[in-house]
Amino acid sequence: MNQILTSRDSCKICGGNDWSVLYYGRIRIGKFGELTDEPRTIFKCNKCEVGFLEISQIDYESGKYREIVDGSDSIEHFYKTHDIEQLEKINIVGTGDLRNRIIMDIGCGAGSFLDLVKGYSSKTIGIEPQKNFHAELLAKGHYVYSYCEEISEEWVGKVDLAVCFSVIEHLDDPKGILQQIRRLLKSNGILLISTPNLNDWLLELLPDDYPSFFYRVVHKWYFSGSAIEYLAREANFSKVFIKYIHRFDLSNFLLWLRDKKPTGFGRLTISPSLNAHFCRDLEEKGRADYIYAWLQP
């Protein structure tokens, strides 16, 4: 659909008010196959090219979000689900420049990433709205706040590295949060964010099957690399570096084509070199499934 809509509210990122319909249909609630009863509309801002789900009301404080996405809001289930993801993150972050740094994780959950880097850092700060995680975070020696705006003045201009993994797509006001984080960073500090890629090539290859899986009730915003760059400039970051990461193998792609559903890794026997070439090609073309972005003031 390419109908232009001009009567909607202005985009919270760029202020534009020309919108196109990017997708109309049922979207995912939690796991694969769990779809909304009614169709939803994903709009696209024609100025900054961000995707936007108008109706997205999730309670992040009560644990409802974790129940929808992970199946449970318990601390033990969080570790079981998310500890395994930290290898990818630490490979992206690296360990060469973490020693004695102040590190902040926005949307840290029960603290899997902060636990991993605590041995290097001088101080670790967790931002997590789900309050039943706070006691666990405090017990492990992390400073804890529910929201960035609650952080005391002592941290302004002190943070060396802030990470915000798979969070900006959930927020009501991504630009406002990035501005709050920028205020806390040192002049040479770094904010690393990650989010699903709106230019994921499966959206093009499987237009009748993949969008209902890709678009989710818990995701209010959808970013391409160029939309992230626009967002970063609007939030007064001067430097942006984009890296595309494809997290799934060729086997998963081929079975998506055949079965129209995700299957994870290694279901088909494919050589590691072919898998590596497949992922690298998508990453070089900006069509991988995930985006990492390094932002500097």
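Which side chain meets Lys175 in a salt bridge? Glu234 does, at 4.0 Å from N to O. The model is predicted. Lys175 sits in helix H6 (residues 174-184) and Glu234 in helix H9 (residues 225-234). The pair links distant parts of the chain, 59 residues apart. Glu234 is partly exposed, because its relative accessibility is 29%.

Side chains of opposite charge can pair when their charged atoms come close. The count here comes to 12 salt bridges. One of them joins Arg66 and Asp70, at 3.7 Å from N to O. These two residues are 4 apart in helix H1 (residues 64-70), so about one helical turn separates them. Arg66 is buried, and Asp70 is buried too.

Now take Arg101. Arg101 forms a salt bridge with Asp160, with 3.9 Å between the closest N and O atoms. This pair also links distant parts of the chain. Arg101 lies in the loop between H3 and E5, while Asp160 lies in strand E8, 59 residues apart. Arg101 has 28% relative accessibility, so it counts as partly exposed. Asp160 has 13%, so it counts as buried. Both residues belong to a network of salt bridges that links Asp97, Arg101, Asp160 and Lys186.

Asn100 counts as exposed, because its relative accessibility is 57%. Lys260 also has a positive phi, about 60°, and is not a glycine. Lys260 lies in the loop between helix H10 (250-259) and helix H11 (272-284). With 32% relative accessibility, Lys260 counts as partly exposed.

The loop between H10 and H11 also holds Leu268. Leu268 is partly exposed, at 33% relative accessible area. Together with Leu205, Leu254 and Leu257, Leu268 forms a nonpolar surface patch. The patch has about 290 Å² of accessible area in total.

Glu150 lies in the loop between strand E7 (143-145) and strand E8 (159-165). Glu150 is partly exposed, with a relative accessible area of 41%.

Turn to the rings. The structure holds 24 aromatic pairs. Among them, Tyr23 and Tyr215 are stacked, at 5.1 Å centre to centre with 25° between the planes. Tyr23 lies in strand E2 (residues 19-25), and Tyr215 lies in the loop between helix H8 (211-214) and strand E10 (221-222), so the pair ties together parts 192 residues apart in sequence. Tyr23 counts as buried, at 16% relative accessibility. Tyr215 is buried as well, at 4%.

Phe78 and Tyr79 pair in another way. Their ring centres are 6.3 Å apart and their planes stand at 75°, so this pair is edge-to-face. Phe78 and Tyr79 are both buried.

Ring pairs also build a cluster. The cluster links Tyr23, Phe32, Tyr210, Phe213, Phe214, Tyr215, Tyr222 and Trp256. The stacked pair of Tyr23 and Tyr215 thus has both its members in this cluster.

One last stop is Ile190. This residue lies in strand E9 (residues 185-196). Ile190 is partly exposed, at 28% relative accessible area. Ile190 and Val69 are 121 residues apart in sequence, and their C-alpha atoms are 28 Å apart in space.

How values were computed:
Residues numbered from 1 in each chain as written. Predicted model: local features only at pLDDT ≥ 70, side-chain atom pairs only at ≥ 80, totals over all residues. Heavy atoms only, no water. Buried < 20%, exposed > 50% of the residue type's maximum accessible area, 1.4 Å probe, protein only. Patch = residues over 30% accessible without salt bridge, like charges linked within 9 Å, V, L, I, M, F, W, Y side chains within 5 Å. Areas by Shrake-Rupley, 256 points an atom, 1.4 Å probe, with all protein chains shown as cover. Phe/Tyr/Trp six-rings, centres within 6.5 Å; stacked < 30°, edge-to-face > 60°.
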